[in-house]
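Please keep the sequence and structure in view while reading.

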Amino acid sequence: MSVKIKNSEQIEGMRIAGKLAADVLDMITPFVKAGVSTEELNQRCHDYIVNEQGAIPAPLNYHGFPKSICTSINEVVCHGIPSESEILKDGDIMNIDVTVIKDGFYGDTSKMFLVGAANAQDKLLCRVTQEALYQGIRAVKPGAKIKDIGAAIQKYLKKGNYRYGIVENFCGHGIGESFHEEPQVMHCRNFDNTPIQAGMCFTIEPMINQGKKGNKVDEDDGWTARTIDGKNSAQWEHTLLVTDTGVEVLTLRDEEDFPRVITHS
Ligand code: MF3
Ligand code: CO
Ligand code: CO
C-alpha cells in the first residue's frame, strides 16, 4: 500500500464530493441550536445527503458506526454518536463531522458550532483550533513533507502560548475512492518524511484539548472518544488536494475567511 496520486478525472470527482460535504455543513448550520437533539441533526443530514445530493453518508455502517454523521459535544474529542436523548443546551460546543460518497469519491469535513452563548474559553479553543487547521493547510505544497503539517500546528500553538493538548491518537488521512488511505497525518510534531506530491488528497483534522491530550474510547459504544480530564475539545477538518504549486481546499465553505487555492511561488 502506498500514497495514491489522483488523475484529472479522479480530481474532478474529489472536487464534487468535497463540495457536497461542505454543503451539508452549510445546510445544517441554521438547525444547530439549544433544544435540538443530535439525532434530529443526523436525520436532517442523512435525508439531505441521500435525497437532495444523491450521495451516500459514509459513516453509516462504517465498521459498524450506527449513524450518518458524527456529533461530538464538549469533552467528546471525536466520533460522538447522534442520539434522540442527547439535547443541545446553551453553552455547548459541538463538532459535526460529515463524510459523503459521490460517484465513488469521498469528501470529509467538520466544523465547530457554538450553541447559544459559549464561554470565552471555549470560543478561544474553537477559534484557535480552526486557525491550527489553517496553519496546517499552509504547510502543504509539493516538496514539503507530511511532518511539516504537524510541526506548523505545534509551532502555532507554542507561539500563542496556548497550553492545549494536541490529540495524537487520531490522525488526518489520505482520502479518495476510500475513506481512509495513506498517508496518516499527525497533528503534532512528528518524523514522517513522506513527501507531499501533486495529486495527493488527504485531510487535516486537528483535535485540540483545553487540557491534556489524553482521551479514551467509550467501552460501551466502542466509538465515543472523550478527554480523560473532562475538559473540552475542538476539531475542524478539511479535505485537500495538493496542486503543482500548493494546495486546494476541496471542502471550503463561503463563510470561511480562507483562500480555496494557495499558490506558493
Ligand atoms: N469522519 C471521520 C474522519 O474524519 C471518521 C468517522 S468514522 C465513523 O476521519 F465511523 F465514526 F463515522
Ligand atoms: Co477525516
Ligand atoms: Co471527518
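What percentage of the 265 residues in the protein do buried residues make up? Buried residues account for 55% of the 265 residues, where buried means under 20% relative accessible area, exposed means over 50% and partly exposed lies in between, with a 1.4 Å probe and protein chains only.

This is a predicted model, in which local features need pLDDT of at least 70 and side-chain atom pairs count only at pLDDT 80 or more, while totals for chains, interfaces and linings use all residues. Residues are numbered from 1 along each chain as its sequence is written, chains are lettered from A and ligands numbered from 1 in the order in which they are written, and side-chain values use heavy atoms, with hydrogens and water left out.

**Overall build**

The protein has 4 helices and 16 strands, these being DSSP runs numbered from the N terminus (helices H or I, at least four residues; strands E, at least two). Its radius of gyration, taken over C-alpha atoms, is 17 Å, close to the 18 Å that the globule rule (2.2 Å times the number of residues to the power 0.38) gives for 265 residues, so the protein is as compact as a globular protein of that length. The C-alpha trace spans about 50 × 45 × 35 Å along the principal axes. Among contacts (heavy atoms within 4.5 Å) with a separation of 6 or more, 68% join residues 24 or more positions apart.

**The α3 and α4 pair**

Helix α3 (residues 120-138) packs against helix α4 (residues 147-159) at an angle of about 140°, and their axes are 8 Å apart; the axes are lines fitted to C-alpha atoms over the stretch in contact, and angles run from 0 to 180 degrees between N-to-C directions. To this contact α3 brings V128, E131, A132, Q135 and G136, whereas α4 brings I149, A152, I153, Y156 and L157.

Q130 lies in helix α3, while Q210 sits in the loop between β10 (207-209) and β11 (215-217). The table leaves out touching residues up to four places away in sequence.

| Residue | Relative accessibility | Residues touched |
|---|---|---|
| Q130 | 18%, buried | W236, E256 |
| Q210 | 16%, buried | Q121, L125, R163, Y164, K231, N232 |

Q130 is also 8.4 Å from P206 in space, C-alpha to C-alpha, although the two are 76 residues apart in sequence.
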